[in-house]
Structure formats: C-alpha cells, structure tokens
Amino acid sequence: MNKFAFVDCVTVDEALGQLGEGATIKAGGIDLIDLMKDDIVSPSKLVNIRNVDSLRGITITQDGLRLGPLSTLSEIAAHTQIQKSYTALSDAAGHAATPQVRNMATLGGNIMQRPRCWYFRSTDFDCKKKSGTSDDCHAHTGENQYHAVMNNAVCAMVHPSSTAVPLLAMNAQVELTSKRGKRTVAMTDFYVPPEKSLTNETIVQPGEIITAVFIPTPDPGTRSAYQKYGEKESFDWPLADAGVVLVMEGTRCSKASIVLGVAAPTPIRSSAAEAVLTGKTIDEATARAAAAAAMQAATPLSQNGFKTQLFQTAIYRTVLLAAGQMQRDPSAIG
C-alpha cells in the first residue's frame, strides 16, 4: 500500500475543499482499503467523511424515503418502516456480506464499489478499467464462470452492489454535491456501461460527493422482494440476484419492475420480464415466463452458462415472494 495523507472532515464543505488531484473519499472504507492493499488504486490523500453528521440519517415523509449516504447497511436492514414499505431494500442491505461488515459499510460506499472481476482486481493483469493499456477483456478468453451473461461484449465485469438492485427497481434518485452546487441523478442513469466508457463506472464526477439517496413513496398495493444466490450460505458475492417491485390489485399485477444484479456490468432492468407480468395474474406460470423472457438476450461466456438458469430461478422465485405466494427461498443466500 502506498503512503497517503489522511484528512478528517466534519462538514460537507470541508470535504469538498479537500478534494482534488489524487484525493479519494473514504466513508466505511470496506472496498477502498482492499483496493489499496492490492495496489489497484493508490490515492495520495484520503478524505474521511465518516464523521460528517449531515450525511447520516433515515427520514420517511409523505414524499418518500430519504437516506443519508453514511447510513450503514445494518441501520437500513433494521429500520422497521423500510422493512414494511421498502422490503426489497431491507432484504438487500440485511443480506450483504457479514454482520461485522454491515455495521461498517455505508449505503454510499455500497453503490460506489468497484468492479467484481478477478482480472481487474489482480495486478498481474493489464486492464483498461484500472488505467492499463489493454483493450482486451481477459474474461472473454480466460476464467469467466462468475462474469456477466448479458451486455458483456466489451467488458464482462459485474457490479457487486446488492442495494443498487432494489434502488433501481424503486426508481431511486441520487443527490450529488460539489462546489458548483447540487444535482440529482436517477439510478437508471447512475452507472455508466462499459460500451460508453471503460474508465468511468458511474456518473459521479471528480469533486462530487453523494449527499443523499431518495426513493419516492410506493404506489398503493406495492410489494417488493430481493433474493440472491451464491456458492456459500454464510456470506458470499452473488452469482445471481433479483430485485422485484410489483404494484398489485388483488392477484393482478398492474405494474412491475424487475432488476437483475450481477447479470451484466451494471444492474439492469428487464423490460421483457416486466412486460410478461404487467396486467397479468401472478402465479407460478407467469413468474416462470417472466424469468425466461429476462434471459432471452443472454450471451453467456464459455464457463458461465449455468448463470442463465440460476437467474431464471432467482427471478421467478423472487416474483412469487414479492407477490406473497412463496416464502423466502431457503436455498438463497440472502
């Protein structure tokens, strides 16, 4: 790990004043410290925002849910109103990593994690996403069993954030603050796919800090769920995860939002699956049809074809869980 300066800030303005060439924001530091220890990133200065009180807090009003970016995953998972009205977000936050990590990891840090790809996270491989010169994606011809099965033509990384999945399904917005002022970005525009940029993974620009995440109040009759599947039951990165938001009128679905987590380099909505469910009575047959539709555009690599079936299982079981027609799957890891 390189030598670096450490600056402790207690206000947003102090933090903004410290950002500049070579500086990186540190909140919980879970992913950042791993990247520094592996020499994937080498910031000359860490700007610690962990003690900025204005970035904490969970508030629910008639307009929706406002989350401070320093809200920990444990705080989100344990919040009773989030459990009731934003169930998928509570599910995702409460099943990420381990209890110790969830006590430290923040919402802002969770959605800002860097790619989950062993070629990106190893200094033995040149990769343009970490300022390398190679335009080739090593996963295309190498070990790729955990990589993307959709939108993977340029880069086959997956994004590891569990909370980004329900946030996208719930039409969340991210507030960004810089010295120039504030701007709000929809989660649909927050992540930058590799085909648009191999070096920028999010819309966040240098000198900007996430200062809030907002989710609008759900429509009446809204039900939601999140489940993930992996190799280990204790804690693990997902091989497949799904976030489902349904607006129900009895057993009929009037609106659906289906989001897949580690299917592609960024979390993606499946309009094909949503079209199958919208206006239909939710049962196992429609849930399975939606799951199959979601995977129609899959382009699995040489070793990850199993993920297309695993995603179908994750989607149809999470649709039924959200609709109240199935208990949480005991074979899911979260």
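1. Four strands make up an open sheet, in the order 9-10-11-12, with antiparallel pairing. Strands, like helices, are DSSP runs numbered from the N terminus (E, at least two residues, for strands; H or I, at least four residues, for helices). Two strands count as paired if DSSP finds at least two bridges between them. The edges are held by strand 9 (222–229) and strand 12 (268–269); each has a single partner strand, so one side of each has no neighbour in the sheet.

2. This is a predicted model, in which local features need pLDDT of at least 70 and side-chain atom pairs count only at pLDDT 80 or more, while totals for chains, interfaces and linings use all residues. Residues are numbered from 1 along each chain as its sequence is written, and side-chain values use heavy atoms, with hydrogens and water left out.

3. Within the sheet, strand 10 (residues 240–249) and strand 11 (residues 252–260) run antiparallel and are joined by eight bridges. Met248 stands opposite Cys253 of strand 11.

4. Which helix lies across strand 9, strand 10 and strand 11? Helix 13 (residues 306–322) does, and it runs at about 150 degrees to strand 9. Axes here are lines fitted to C-alpha atoms, for helices over the stretch in contact, and angles run from 0 to 180 degrees between N-to-C directions. Contact means heavy atoms within 4.5 Å.

5. Thr106 is in the loop between helix 6 (99–104) and helix 7 (107–111). Its relative accessibility is 2%, so Thr106 counts as buried (buried is under 20% relative accessible area, exposed over 50%, partly exposed in between, with a 1.4 Å probe and protein chains only). Leaving aside residues up to four places away in sequence, Thr106 touches Ala27, Gly28, Arg50, Pro69, Leu70, Ser71, Thr72 and Leu73.

6. There are three aromatic pairs in the structure. In one of them, the ring centres of Tyr119 and Phe125 are 4.8 Å apart and the planes stand at 90 degrees, so the pair is edge-to-face. Rings of Phe, Tyr and Trp (its six-membered ring) pair if their centres lie within 6.5 Å; planes under 30 degrees apart are stacked, over 60 edge-to-face, and the rest tilted. Tyr119 is buried at 8% relative accessibility, whereas Phe125 is partly exposed at 34%. Phe190 and Tyr191 also form an edge-to-face pair, 5.0 Å centre to centre with 85 degrees between the planes; both Phe190 and Tyr191 are buried.

7. Two arginines sit over rings. The charged end of Arg116 is over the ring of Trp237, 3.8 Å from its centre, and Arg288 lies over the face of Tyr316, 4.0 Å from the ring centre. The criterion is NZ of Lys or CZ of Arg within 6 Å of the ring centre and within 35 degrees of the ring normal.
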